[in-house]
Amino acid sequence: MVGLVAVTSAPMTDLAALLTVQQLDNSVGALRHRRSTLPERKALDEATAQVSTLSTELADRDAPRRDLEREQRRLEGEAELLRAKAASENQRLYSGSVTAVRELQAIQEEISSLQRRSGQLDEQTIELMMRIEPLVDSVADLRARLDAAEAVADRATVALAEAEVTVNGELAATVAQRAAAAADVPVEAMQRYEAARPQLAPSTVVRLVGTRCEGCPLQMPSVEADRIRHLEAGLADCDECGRLVLH
Ligand SMILES: [Zn+2]
């Protein structure tokens with residue numbers, strides 16, 4: 001970029017405010033770039049990816065435990081039903097509504113059978129619980145790493161939010177300064193600047209330094225420099241680079 005502030009001898013005119021507008025536009029562009037490339041965002045992306053990886057790994061490694069626990073719940077439910085049935089048969093046994101000895105014996109046998117089966121289910125449940133316990137231990141380390149990764153991601157989320165607040169504040173202040181500076185620039189000059197900026201940013205407006213357009217590497221022909229110098233103070237188009245030359 002050429003040195004836009006190298007020359008200070010020219011009086012500050014309304015047109016020169018265009019240089020301020022350009023400088024502020026460049027600042028706005030830099031702030032937007034900074035906001036989209038915040039290191040805090042990269043840190044958060046990495047932390048989130050780590051949480052995702054560990055979650056998947058944990059779910060995979062923890063699958064056998066979940067299967068066994070499902071089986072445990074099934075057995076417990078079944079045993080509960082058998083016990084309820086036994087309790088209901090027991091109530092019938094002592095209700096007095098059944099008096100035939102054979103039928104009373106049959107009920108007692110049914111109760112014994114129900115109790116035996118529920119007892120077997122209880123034993124199976126205990127065996128399952130003993131198989132589940134080491135599986136819980138085996139994923140404990142992975143779970144701890146996931147917890148740590150989630151804590152990192154939480155902190156990264158806060159850090160990003162804080163960084164965004166800071167850069168958004170600077171951006172808002174710079175946009176306001178730019179609007180104030182633009183209000184000093186003649187409408188026609190501003191329109192020429194706005195039209196040329198997409199191609200020439202960040203040095204759309206430059207000064208004439210001696211016989212040189214600040215945007216061009218070479219001296220402009222002296223005839224051209226003379227022509228521009230003798231124009232009424234204002235904005236000229238540089239034939240070489242297309243920039244707006246403040247003279
Ligand atoms: Zn030029």
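Q: A residue is buried if 20 or more other C-beta atoms lie within 10 Å of its own, exposed if 12 or fewer, and partly exposed in between, with C-beta atoms placed from the backbone. Is Pro-217 buried or exposed?
A: This is a predicted model, where local features need pLDDT of at least 70, side-chain atom pairs count only at pLDDT 80 or more, and totals for chains, interfaces and linings use all residues. Residues are numbered from 1 along each chain as its sequence is written. Pro-217 sits in the loop between β2 (212-213) and α5 (222-230). Around Pro-217 there are 9 other C-beta atoms within 10 Å, so this residue is exposed.

Q: In what order do the elements of the chain run from the N terminus on?
A: Helices (H or I, at least four residues) and strands (E, at least two) are DSSP runs, numbered from the N terminus. The chain has five helices and four strands. From the N terminus on, the order is α-α-α-α-β-β-α-β-β.

Q: What radius of gyration does the chain have?
A: The radius of gyration is taken over C-alpha atoms, and the globule rule is 2.2 Å times the number of residues to the power 0.38. For a compact globule of 247 residues, that value would be near 18 Å. The C-alpha atoms here fill a box of roughly 130 × 35 × 25 Å along the principal axes. The radius of gyration of the chain is 41 Å.

Q: What percentage of the residues of the chain count as buried?
A: The chain has 247 residues. Leu-15 is buried, whereas Val-187 counts as exposed. Over the chain, the buried share is 10%.

Q: Why does Val-187 count as exposed?
A: Val-187 is found in helix α4 (residues 187-200). Its C-alpha lies 16 Å from that of Ala-233, which is 46 residues away in sequence. Val-187 counts as exposed because its C-beta neighbours inside 10 Å number 8.

Q: Which residues are in contact with Leu-15, leaving aside its neighbours within four places in sequence?
A: Two residues are in contact if their C-beta atoms, placed from the backbone, lie within 7 Å. Leu-15 lies in the segment before α1 and is buried, with 20 other C-beta atoms within 10 Å. Val-205 is 190 residues from Leu-15 along the chain, yet their C-alpha atoms are separated by 10.0 Å. Beyond those sequence neighbours, the contacts of Leu-15 are Ala-189, Gly-234, Leu-235 and Leu-246.

Q: How are α2 and α3 oriented to each other?
A: Axes are lines fitted to C-alpha atoms, for helices over the stretch in contact, and angles run from 0 to 180 degrees between N-to-C directions. Helix α2 (residues 39-93) packs against helix α3 (residues 101-182) at about 165 degrees, with axes 6 Å apart. Angles under 35 degrees count as roughly parallel, over 145 as roughly antiparallel, 65 to 115 as roughly perpendicular and the rest as oblique. That makes α2 and α3 roughly antiparallel.

Q: How do the residues of the contact of α2 with α3 divide?
A: Ala, Val, Leu, Ile, Met, Phe, Trp, Tyr, Cys and Pro count as nonpolar, Asp, Glu, Lys and Arg as charged, and the others, Gly among them, as polar. For α2 with α3, the division is 33 nonpolar, eleven polar and 21 charged.

Q: What is the handedness of the crossing where α1 passes α3?
A: Helix α1 (residues 17-36) and α3 pack at about 160 degrees, with axes 9 Å apart. These two helices are therefore roughly antiparallel. A crossing is left-handed if the near helix is turned anticlockwise from the far one by less than a right angle, and right-handed if clockwise. The crossing of α1 and α3 is left-handed.

Q: Is the peptide bond from Ala-201 to Pro-202 cis or trans?
A: Most peptide bonds are trans. Pro-202 is placed in the loop between α4 and β1 (205-209). From Ala-201 to Pro-202, omega is near 10 degrees, and the bond is cis.
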